[in-house]
Amino acid sequence: MVIEDEVHLAAAIADGLGSEGFDVDVTHTGPDGLWRAREGSYDVIVLDIMLPGMNGYRVCRALREESVWTPILMLTAKDGEYDEAEALDTGADDFLSKPFSFVVLLARLRALIRRGAPPRPAVITVGTLMLDPGARRVTRGDTEVRLTAREFALLEYLMRKDGNVASKTDILDHVWGMDFAGDPNVVEVYVGYLRRKLDQPFGLHTLQTVRGIGYRLAAS
């Protein structure tokens, strides 16, 4: 489904996807998009931010709070770093900045469809670490830990790996986006931030480096 209030852009996306064999529903308002996503069964949703009636962030958050886990690709403003961070924070699986290449959009959507939409728990727990995506809250035992938007997105991704190793490339793609063109060492920087907030104050070493591969979050 495409939820986009720019009629010509929505039509162009739908036509392009249709020519690639997709069956596409189109709507131009937030409330109608939310209703269709609740009631229908979609492989993936393309969701714009600036929508009449209800913006894309609210649509995405409402779906996730209702345990609708259909993969969502959110369309953000050009160079909109805060848009991208909020898209991830509200539960989007990926984002693409306008203007964008249809070839890139198609590749992103196919990747999301291959990944599928496994049920995601409302609250994720790894050992004494608890993350609540809906409330944007993280606790280590009884202590609440405040994280920035990017730190939260990184932690959520690692927690959802269920103890498996995440490569630096996968982390960059999922947390910073596939079109990220900055220094890949930003991953190490943010892992360090998380360690200083979630491990060191508690005498723990749960955020582990797997040399030559990536990172994993252990229960203890």
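This is a predicted model: local features need pLDDT of at least 70, side-chain atom pairs count only at pLDDT 80 or more; totals for chains, interfaces and linings use all residues.
Residues are numbered from 1 along each chain as its sequence is written, and side-chain values use heavy atoms, with hydrogens and water left out. Helices (H or I, at least four residues) and strands (E, at least two) are DSSP runs, numbered from the N terminus.

**Strand β3 and its partners**

- β3 and β4 (residues 72-76) run parallel and are joined by 4 bridges. Two strands pair if DSSP finds at least two bridges between them.
- β3 also pairs with strand β1 (residues 2-3), in the parallel sense, over 2 bridges. Here Ile-3 has Leu-47 of β3 as its bridge partner.
- Both faces of β3 are covered. Ile-45 and Leu-47 are buried on one side, and Val-46 and Asp-48 are buried on the other. Buried means under 20% relative accessible area, exposed over 50%, and partly exposed in between (1.4 Å probe, protein chains only).

- Val-44 lies in the loop between α2 and β3 (45-48).
- Its relative accessible area is 10%, so Val-44 is buried.
- Beyond its neighbours within four places in sequence, Val-44 is in contact with Met-1, Thr-70, Pro-71, Leu-109, Leu-112 and Ile-113. Contact means heavy atoms within 4.5 Å.
- Trp-69 is 25 residues from Val-44 along the chain, and their C-alpha atoms are separated by 9.5 Å.

**Helix pairs**

- Two packed helices are described by the angle between their axes and the distance between the axes. Axes are lines fitted to C-alpha atoms, for helices over the stretch in contact, and angles run from 0 to 180 degrees between N-to-C directions.
- Helix α2 (residues 30-39) packs with helix α3 (residues 56-65) at about 25°, and their axes are 10 Å apart. α2 and α3 are therefore roughly parallel to each other. Angles under 35 degrees count as roughly parallel, over 145 as roughly antiparallel, 65 to 115 as roughly perpendicular and the rest as oblique.
- The crossing of α2 and α3 is right-handed. A crossing is right-handed if the near helix is turned clockwise from the far one by less than a right angle, and left-handed if anticlockwise.
- From α2, Gly-30, Leu-34, Ala-37 and Arg-38 meet Val-59, Ala-62 and Leu-63 of α3. That contact has 5 nonpolar, 1 polar and 1 charged residues. Ala, Val, Leu, Ile, Met, Phe, Trp, Tyr, Cys and Pro count as nonpolar, Asp, Glu, Lys and Arg as charged, and the others, Gly among them, as polar.
- α6 and helix α7 (residues 168-176) have axes that come within 10 Å and cross at roughly 125°. α6 and α7 are therefore oblique to each other, and their crossing is right-handed.
- Arg-150, Ala-153, Leu-154, Tyr-157 and Leu-158 of α6 make the contact with Asp-170, Ile-171, His-174, Val-175 and Trp-176 of α7. By class, the residues of this contact divide into 7 nonpolar, 1 polar and 2 charged.

**The β10-β12-β11 sheet**

- Three strands form an open sheet in the order β10-β12-β11, with antiparallel pairing. β10 and β11 (207-210) stand at the edges with a single partner strand each, so one side of each has no neighbour in the sheet.
- α6 packs on the sheet and touches β10, β11 and β12. The direction of α6 makes about 75° with that of β12.
- β11 and β12 (residues 214-217) run antiparallel, joined by 4 bridges. Thr-209 stands opposite Tyr-215 in β12.

**Hairpins**

- β6 (residues 124-126) and β7 (residues 129-132) run antiparallel, with 3 bridges. In their hairpin, 2 residues lie between the strands, and Gly-127 in the turn has a positive phi of about 60°.
- β7 and β8 (residues 137-140) run antiparallel, with 4 bridges. Their hairpin has 4 residues between the strands, and Arg-136 takes a positive phi near 55°.
- Leu-129 is the bridge partner of Val-126, and Arg-140 in β8 is the bridge partner of Leu-129.

**Backbone exceptions**

- Most residues other than glycine have a negative phi, and most peptide bonds are trans.
- A cis peptide bond joins Lys-98 and Pro-99, with omega about -10°. Pro-99 sits in the loop between β5 (94-97) and α5 (102-115).
- Asp-162 is not glycine, yet its phi is positive, near 55°. Asp-162 lies in the loop between α6 (149-160) and β10 (166-167), and at 66% relative accessibility it counts as exposed.
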